[in-house]
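What follows is a walk through one protein chain, from its overall make-up to single residues. Please keep the sequence and the 3D view at hand while reading.

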Amino acid sequence: MIKSLIPVTCILATSRKCIGLFPACRQGLKQINRMSTSQWPLAAVCQMTATPDKAANLSACTQLVEEAKERGAAMVFLPEGFDYIGSSREETLSLSEPLTGDTITQYCQLARKLGIWLSLGGFHERGHDWGSDRRIYNSHVIIDEQGKTVSVYRKSHLFDMELPEKGVSLKESAFTISGPSLVAPVQTPIGKVGLGICYDLRFPELSLALQKDGGAQILTYPSAFTVATGRAHWEVLLRARAIENQCFVLAAAQVGQHHDKRASYGHALAVDPWGDVLADCGGEKPGLMLVELNMEKLDSTRKHMPVQQHRRDTVFYHSLERT
């Protein structure tokens, strides 16, 4: 058994925030030391600091997954770039792999060994024409407790942003291919999970399709938000997606300095269908939080405010009168 480096893991007792990396949780939460006796399934939402060192990242993620399993989680959510975050375009491409490569194989083995579901939130997958164009997908991979890959979603919206006044300059499309389509939400032990990745969070049409057409109960946005955009928009966007879709939202996150060119905001977050923040990993260190997914809360929210029943058909929203 690997000794935990994670000081505190918490389960929600009320809807208050938990800073899961400090010596104690805030009032309203109880610390779990061993297996949970929760009535509802538990999700582990993780926060890490990936670097270009793939072996070190695998070790850190393995420790998080083992910790989550020991504390009773049924499914573990890892952030975008869990495999690595490169320091240059060339390094990012050179470290990439196909889905059949060593990295995903090792995570399949880990899931099977522990009997736990994994959400791998942003894998650098070599594209189908890698031999000719050397471009990759940013892929969200779901692995079941038997170690089988059950779903792969490739990021639809690529983060191309120039904010010189905030020191942000990223062009994901320079080496990444947009995913061709959404994928159906996945039935898991914690509920029906709809898949997005990071920048997808800014496009409500995606989450609406996952909820309205796919029946998603949980939306997940594994991310590596920049510090500037995270401070401005991270929590408010996650809460908005939860409120408008009446879904749980789970967002694993990267945190801290990856290398001398890039840092991430952190604050891995869990939000309930009413928009209350259930837990927050803070913005300083790696760790994880356990979240109890009470589907009675989801059903009650949708029953008493039946937003989806009030939604007009798609044609109506395309009928804006021209003036």
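Predicted model: local features only at pLDDT ≥ 70, side-chain atom pairs only at ≥ 80, totals over all residues.

Ser207 touches Leu219, Tyr221, Arg241, Glu244 and Asn245, when residues up to four places away in sequence are not counted. Ser207 belongs to helix H5, and because its relative accessible area is 0%, Ser207 is buried.

The chain as a whole comes next. The protein chain holds 9 helices and 18 strands. It has 323 residues, of which 54% count as buried. Among contacts in the chain with a separation of 6 or more, 70% are between residues 24 or more positions apart.

Some of the partners of Ser207 belong to another helix. Helix H5 covers residues 204-212 and helix H6 covers residues 227-245; the two pack at an angle of about 40°, and their axes are 10 Å apart. The crossing of H5 and H6 is right-handed. On the H5 side, Pro204, Ser207, Leu208 and Gln211 take part, and they meet Arg241, Glu244 and Asn245 on the H6 side. Sorted by class, the contact of H5 with H6 has 2 nonpolar, 3 polar and 2 charged residues.

Gly196 lies in the loop between strand S11, residues 191-195, and H5. With a relative accessible area of 0%, Gly196 is buried. Leaving aside neighbours within four places in sequence, Gly196 is in contact with His140, Tyr153, Thr220, Tyr221 and Pro222. Tyr221 is also one of the residues that Ser207 touches. Gly196 and Ser156 are 40 residues apart in sequence, and their C-alpha atoms are 8.2 Å apart in space.

Gln246 lies in the loop between H6 and strand S13, residues 248-251. Gln246 has a positive phi of about 50°, although it is not a glycine. Its relative accessibility is 2%, so Gln246 counts as buried. A positive phi of about 60° is found at His267, which is not a glycine either. His267 is in the loop between strand S15, residues 262-265, and strand S16, residues 269-271.

Now turn to helix H1. At the start of H1, a side-chain oxygen of Asp53 comes to within 3.2 Å of the backbone nitrogen of Ala55. Just after H1, Gly72 takes a positive phi of about 100°.

Which residues of H1 are buried? They are Asn57, Cys61, Thr62, Gln63, Leu64, Val65, Glu66, Glu67 and Ala68. These buried residues pack against strand S3 (42-48), strand S4 (75-78), helix H3 (102-114), strand S5 (117-126) and strand S18 (287-292).

Val65 is found in H1, and it counts as buried because its relative accessibility is 0%. Apart from neighbours within four places in sequence, Val65 is in contact with Val76, Leu78, Leu110, Leu114, Ile116 and Leu118. Val65 and Phe77 are 12 residues apart in sequence, with 8.8 Å between their C-alpha atoms.

Helix H3, against which buried residues of H1 pack, contains Thr103. Is Thr103 buried or exposed? At 9% relative accessibility, Thr103 counts as buried, because the cut-off for that class is under 20%. The side chains of Thr103 and Glu97 are joined by a polar contact of 2.7 Å. With neighbours within four places in sequence left aside, Thr103 is in contact with Lys54, Phe82, Asp83, Glu97 and Phe123.

How values were computed: Residues numbered from 1 in each chain as written. Heavy atoms only, no water. Axes fitted to C-alpha atoms, helices over the stretch in contact; angles between N-to-C directions. Helix = DSSP H or I, 4+ residues; strand = E, 2+ residues; numbered from the N terminus. Left-handed = near helix turned anticlockwise from the far one by under 90°. Contact = heavy atoms within 4.5 Å. Nonpolar A, V, L, I, M, F, W, Y, C, P; charged D, E, K, R; others polar. Buried < 20%, exposed > 50% of the residue type's maximum accessible area, 1.4 Å probe, protein only. Polar contact = N/O pair within 3.5 Å; in protein donor to acceptor, adjacent residues only side chain to side chain.
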